[in-house]
Amino acid sequence: MTTPDGPSALPRSATRGDSVSLVKSLRRDRIAVDDSELARSTYSSDASIYRVAPACVAFPQSSEEVEAIVIACREYRVPITSRGAGTSIAGNAIGPGVVIDHSRHLNQVLGIDLDASTARVQAGTAHATLQRQALSHQLRFGPDPSSHSRCTIGGMIGNNACGSRALGYGRTSDNIAGLHVLTGSGEHVRLGSLNTGNSSDAVDSLRELTSRSLATIRTEFGKFGRQISGYSLEHLLPENGFDVTRALVGTEGTLGVILEADVQLVRDATYRLLIVLGFENMIAAAAAVPEVLRFPVITCEGLDRRITDVVSATRGPSAVPDMPRGGGWLFVEVVGETAGELHDLVDAIRVATNPLGARVVDSAAEMAALWKIREDGSGLVARSESGRPAHAGWEDAAVPPTQLANYLAEFEELLADYRYHGVPYGHFGDGCVHVRIDFDFTDHSGRDRFGQFLIDSAELVAVHGGSMSGEHGDGRARSDLLKYMYSPNALALFGAVKHLFDPLGLLNPGVITDPAPVARDIRYEKAPLVTVDLGLLYAHDSDGLVGAVHRCTGVGRCVAPNPGASVMCPSFQATHDEKDSTRGRARVLQDALTGSLGRAGISSPAVRDALDLCLSCKGCRSDCPTGVDMAAYKSEVLFQQYKRKLRPLTHYTLGQLPRWLGFARRIPHVVNAVGQITVLQPIIKRSMGMDTRRPLPQLTTASSRRRWQSAVGRSGTGPSNAKEVLLFVDSFSDSFSAEIVSAVVEVLSDAGYRIHLPSTPVCCGLTWTSTGQLDGARSRMLKTVRTLAPYAELGIPILGIEPSCTAALRSDLGDLVDSTAARTVASATVTLAELLNRDETFVPVDLTGLQILAQPHCHHHAVMGWEQDRQLLESAGAHVRTVGGCCGLAGNFGIVPEHHDVSRAVAETQLLPGIRDLPTDAVLLADGFSCRTQVEMFSDRSAYHLAQLLAGRATPDSSAQKSG
């Protein structure tokens with residue numbers, strides 16, 4: 001058929017093709033390809049609600065290899081999906097054929113042209129990687145989506161990503177200078193600054209098609225800035241210079257595979273200010289947006305109080321800077337060359353918008369804290385107020401900003417009609433609203449209701465002249481809704497453009513053209529496996545383990561190439577393999593629990609391989625915005641796998657180490673002497689499951705233990721109103737670190753504390769928990785609660801020495817024991833810094849000018865947070881710098897032979913480079929026994945506990961090299 005503006009598309013249904021032959025062909029060409037069950041599972045979803053398992057995943061190392069993949073896919077009729085960081089919320093980065101992972105190898109900044117202020121990048125280059133290199137030249141790439149720490153430039157081009165500062169810097173399409181694209185027909189198309197002067201059949205045909213479709217393009221496209229849905233054909237109009245470069249941005253991998261791009265860089269202004277405006281609710285905030293847009297602002301973001309309430313509840317009140325009065329806020333950012341002009345500008349904005357309250361923020365640290373909350377928005381609202389999971393699916397609509405308040409009000413009414421709950425936030429200055437909604441996907445009626453809600457929502461957006469997508473693209477979530485926004489002529493034009501660039505329909509099939517129904521391929525299924533007899537309690541997940549693993553929505557913070565202060569995910573930082581990320585592990589567990597991995601379920605080889613390199617560091621517990629706790633899930637899986645079965649040797653040796661240490665402490669001289677016999681060392685290590693390269697630690701002598709026990713007895717002998725504390729001496733501190741226990745006792749005694757010791761030895765059960773021996777861990781926790789609860793009930797704080805054991809009482813205890821006494825013990829447990837910071841009479845040792853490099857233990861970072869330690873040290877005058885990431889030893893992880901190399905590689909990501917750069921007059925601080933052990937094995941430095949530093953037992957001279 002034909003349309004008034006030209007021929008319609010001739011859509012072709014892409015088939016799976018001969019994927020087996022494709023894989024064989026690629027391997028013959030020595031292209032890295034993985035068609036294992038594990039790889040297909042980890043790449044089966046992105047950050048969307050959809051699941052489509054690929055036939056295989058390819059990891060090309062050059063543009064030539066990408067071309068070879070496209071040629072082979074054409075030969076065998078296998079679909080192609082390009083993938084960057086897999087952060088697509090619309091399902092644009094998953095597909096049934098070959099998924100090309102550009103991020104593994106094609107991730108380089110190829111050069112920066114300072115004269116032109118441009119950078120040439122490969123498609124898999126992370127936004128953060130480009131930004132770091134650009135900033136070294138006082139330049140930046142303008143668009144900055146919330147996933148900027150890991151999203152790739154290729155993915156941003158695919159979706160026409162925008163980010164928070166699009167008002168100032170524009171969309172990705174406004175910042176692209178050139179493209180090198182390989183079309184579905186195998187043609188190289190070089191555009192803009194990458195144009196080599198050669199003609200292109202696809203481009204020539206596109207020019208002809210455009211000339212026949214001018215009426216449709218002029219009346220339906222480019223109506224407002226966030227009209228991202230469909231193809232942005234307005235750039236092809238003669239008055240816009242037939243700009244094919246910009247037109248290809250936002251085509252979601254359906255017209256070509258991006259090989260390289262030239263991106264425009266901008267220079268930041270000298271000064272920056274943020275004004276936070278408070279309003280009664282988000283609708284009132286939206287109503288103020290047109291007034292804000294009268295001024296030259298670069299950002300106008302909307303944030304709901306319900307999001308900051310989640311941050312306060314999960315990360316503590318200190319994680320949220322002071323906010324002005326209101327239930328909804330606008331974050332308005334301005335830049336300029338003088339501070340005075342900016343203060344005048346924000347004063348004018350405040351007067352024009354008449355908020356309930358306003359606060360001007362000029363501190364870089366506070367601005368970063370506020371933007372972090374905004375960036376984590378999609379993860380923070382992944383649970384609705386009702387406690388049910390909240391999903392993507394309708395999270396990216398945009399309307400002209402003048403329509404925003406009316407649209408939001410009507411959208412809230414629509415949510416109420418469907419009895420759904422969602423928290424709106426987003427790029428209000430652009431009219432773009434993000435929201436996650438507690439859809440029910442457990443049965444067909446719930447999915448049907450979801451589909452009807454999307455239709456009603458699409459019609460509502462269309463009434464307000466909006467776009468189904470404002471920056472995330474259409475993908476599987478919205479492509480079938482384009483018919484509510486565009487005319488049949490426009491839809492036919494999309495198909496025609498698709499046919500010009502991809503005549504076989506192999507590129508990202510089902511996206512934008514020939515879409516599947518929106519409720520197809522949803523990955524949330526009712527789980528038939530492991531729903532009863534669980535080892536952990538899952539107090540915050542009503543569906544137990546199933547609900548817990550589905551906390552992972554795929555936002556991908558765990559795959560950031562340079563995580564900074566973040567801990568997760570240590571093994572991914574060492575291997576850069578998706579299976580070793582928190583997200584990859586969660587995807588495999590989701591598939592296992594819903595039956596997608598067959599009857600083996602969580603006992604499948606894919607689950608074993610996915611969890612093998614999980615260090616149980618708990619970094620995801622705090623760093624993942626959705627609250628994934630992979631350490632807990634791994635414990636549960638091991639518990640289920642080995643019920644009534646023989647366990648690996650290390651579960652009985654290292655997994656029950658406190659039991660054996662209890663015996664060894666009775667004869668420490670004998671144990672130490674035997675351990676020093678060279679010929680016996682390999683035998684002892686192998687019998688325990690240890691790597692022979694690891695040294696055997698020396699047990700504390702009986703006399704050393706008696707000395708600190710005597711000091712405990714002498715504590716609190718001063719005034720009768722002496723402060724009291726219960727000292728929880730864990731198995732590791734008791735067995736290996738008498739000097740640290742002694743330092744803790746000295747600090748407490750000097751501070752005037754009367755120190756109590758438990759009436760009987762207690763254990764947190766950590767090693768049992770980490771190896772999935774949850775019944776054994778629970779029995780030890782119950783005994784510990786019975787012993788410690790009487791002290792906690794009297795208001796006596798319980799002081800932990802070893803961070804992992806302290807964290808076990810604060811978090812693992814609640815996962816294993818549900819009782820008032822257990823909650824009382826958990827809330828009474830404190831770190832040394834927490835205890836001393838709240839003690840108004842404590843006077844720390846003078847550390848003025850001392851340089852400290854600290855390695856916060858992963859569990860300390862994840863469960864208690866390390867800011868109290870930083871505060872204590874800085875109040876004493878020290879200069880403190882922390883190392884992010886994990887030490888790599890992580891309990892028994894790095895002890896076993898099969899993990900030794902990865903353990904060291906993890907240490908090399910941040911810890912060991914930080915030590916090598918450490919001045920000789922600085923002190924290395926590491927409270928964790930594992931951390932100190934790793935430091936002393938792989939460096940020439942000694943690390944100290946906070947108590948040793950406060951007791952004056954750690955000096956720069958002694959830290960500079962190991963003592964003999």
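A disulfide is counted here when a pair of cysteine sulfur atoms lies within 2.5 Å. In this predicted model, the number of disulfides is 0.

| Cysteine | Closest cysteine sulfur | Sulfur distance | Relative accessibility |
|---|---|---|---|
| Cys 73 | Cys 56 | 7.1 Å | 0% |
| Cys 620 | Cys 617 | 6.1 Å | 5% |

Because its closest cysteine sulfur, in Cys 56, is 7.1 Å away, the sulfur of Cys 73 is too far from it for a bond, and Cys 73 is buried. The sulfur of Cys 620 is likewise too far for a bond, with the sulfur of Cys 617 at 6.1 Å, and Cys 620 also counts as buried.

Turning to the helical residue, Leu 491 belongs to helix α19, which covers residues 488-501, and with a relative accessibility of 29% Leu 491 is partly exposed. When residues up to four places away in sequence are set aside, Leu 491 is in contact with Leu 482, Lys 483 and Tyr 486. Tyr 420 lies 71 residues from Leu 491 along the chain, and the C-alpha atoms of these two residues are 31 Å apart.

The hairpin is built from strands β7 and β8, with 4 residues between them. Strand β7 (residues 109-113) and strand β8 (residues 118-122) run antiparallel and are joined by 4 bridges, and Asp 113 stands opposite Thr 118 in β8. Within the turn, Ser 117 has a positive phi of about 55 degrees.

How values were computed:
Residues numbered from 1 in each chain as written. Predicted model: local features only at pLDDT ≥ 70, side-chain atom pairs only at ≥ 80, totals over all residues. Heavy atoms only, no water. Buried < 20%, exposed > 50% of the residue type's maximum accessible area, 1.4 Å probe, protein only. Helix = DSSP H or I, 4+ residues; strand = E, 2+ residues; numbered from the N terminus. Contact = heavy atoms within 4.5 Å. Pairing = 2+ DSSP bridges.
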